[in-house]
Amino acid sequence: MISRAPDAEPTTSRHPVRHRAACIGLYKNETVVRCMRNGDEAQMVNAVAYYRVSTARQGRSGLGVEAQKAAVKRFAEAEGFDLIAEHVEVETGKGADALDRRPRLAAALAQARKAKCPVLVAKLDRLSRDVHFISGLMAHRVPFIVAELGADADPFMLHLYAALAEKERALISARTKAALAAKKASGAKLGNPRAAEAAVKAQAANRAAADQFAANILPIIREIQSAGRTSLREIATSLNARGVRAARGGVWGSSSVRNVLVRASK
């Protein structure tokens with residue numbers, strides 16, 4: 001029998017459900033917590049949902065997000081989780097496997113930590129395919145539940161699946177490089193013949209990424225403002241306290257908050 005830590009009980013509601021499931025994770029006392037529903041009657045357990053798409057176009061169209069929401073909703077209903085909040089992240093380009101590039105994920109972690117409940121995602125790759133990033137998230141001691149893997153997937157299994165996904169990505173990269181090398185050896189000319197056009201597109205992509213970052217941060221700023229902290233300095237202090245990083249990974253200041261508000265208002 002696995003005992004529940006006294007200070008790590010999940011929040012419950014009064015609505016019973018009829019099934020048996022488990023959620024596993026680490027809370028602040030580093031005790032493994034298993035919330036079992038024994039028998040036919042069980043209590044709903046709170047959870048924070050997190051969804052991610054990798055392009056601004058998908059974010060605007062809802063493509064990808066709706067499928068994730070449907071999967072999470074089905075899992076939550078089957079396993080007895082009450083979704084108390086949903087966070088949608090839209091990120092573009094490289095460098096997204098860093099928490100400072102995922103403000104909505106940072107907000108989800110903070111909310112789940114405060115509520116002492118897990119973060120629920122549809123698939124593991126919606127968090128990352130990078131083992132180091134997954135390990136870093138686990139260091140926050142907030143349990144993650146992946147609907148695709150089931151409620152019984154413990155941290156060891158998450159590491160294993162992340163390692164397999166990372167290996168697959170490395171193999172794809174190696175095959176691509178080998179194919180390009182073979183093409184070059186056969187006399188084909190590699191590279192982009194439209195370098196100037198590519199530079200213009202790169203600048204546009206950078207602007208789009210900055211716009212999307214501002215759009216991701218804006219809901220968090222609005223939450224802070226609604227709590228009565230309205231000055232630029234107060235907003236910056238609150239963002240830093242929540243662990244949300246600025247655009248380049250640094251801390252927030254009045255000027256960086258102003259830049260986000262200006263960009264988001266365009």
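Partly exposed means a relative accessible area between the buried limit, under 20%, and the exposed limit, over 50%. The model used in these exercises is predicted.

**Exercise 1.** Find how many salt bridges a search of the whole structure gives.

Solution. The search of the whole structure finds three salt bridges. One of them joins Asp-125 and Arg-126, with the closest N and O atoms 3.1 Å apart.

**Exercise 2.** Decide whether Asp-125 and Arg-126 are buried or exposed.

Solution. Both Asp-125 and Arg-126 are buried. Each therefore has a relative accessible area under 20%.

**Exercise 3.** Work out which helices the salt bridge between Asp-211 and Arg-263 ties together, and classify both residues by accessibility.

Solution.
- Step 1: the side chains of Asp-211 and Arg-263 meet in a salt bridge, at 2.7 Å from N to O.
- Step 2: Asp-211 belongs to helix α6 (residues 195-226) and Arg-263 to helix α8 (residues 254-264), so the pair links parts 52 residues apart in sequence.
- Step 3: the relative accessible area of Asp-211 is 37%, so Asp-211 is partly exposed.
- Step 4: Arg-263 has a value of 30% and is also partly exposed.

**Exercise 4.** Locate Glu-223 and Arg-242, and state how far apart the N and O atoms of their salt bridge are.

Solution.
- Step 1: the salt bridge between the side chains of Glu-223 and Arg-242 has an N to O distance of 3.2 Å.
- Step 2: Glu-223 sits in helix α6, and Arg-242 in the loop between α7 (232-241) and α8, so parts 19 residues apart in sequence are tied together.
- Step 3: Glu-223, at 36% relative accessibility, is partly exposed.
- Step 4: Arg-242, with a relative accessible area of 33%, is partly exposed.

Terms used:
Residues numbered from 1 in each chain as written. Predicted model: local features only at pLDDT ≥ 70, side-chain atom pairs only at ≥ 80, totals over all residues. Heavy atoms only, no water. Salt bridge = Lys/Arg side-chain N within 4 Å of Asp/Glu carboxyl O. Buried < 20%, exposed > 50% of the residue type's maximum accessible area, 1.4 Å probe, protein only. Helix = DSSP H or I, 4+ residues; strand = E, 2+ residues; numbered from the N terminus.
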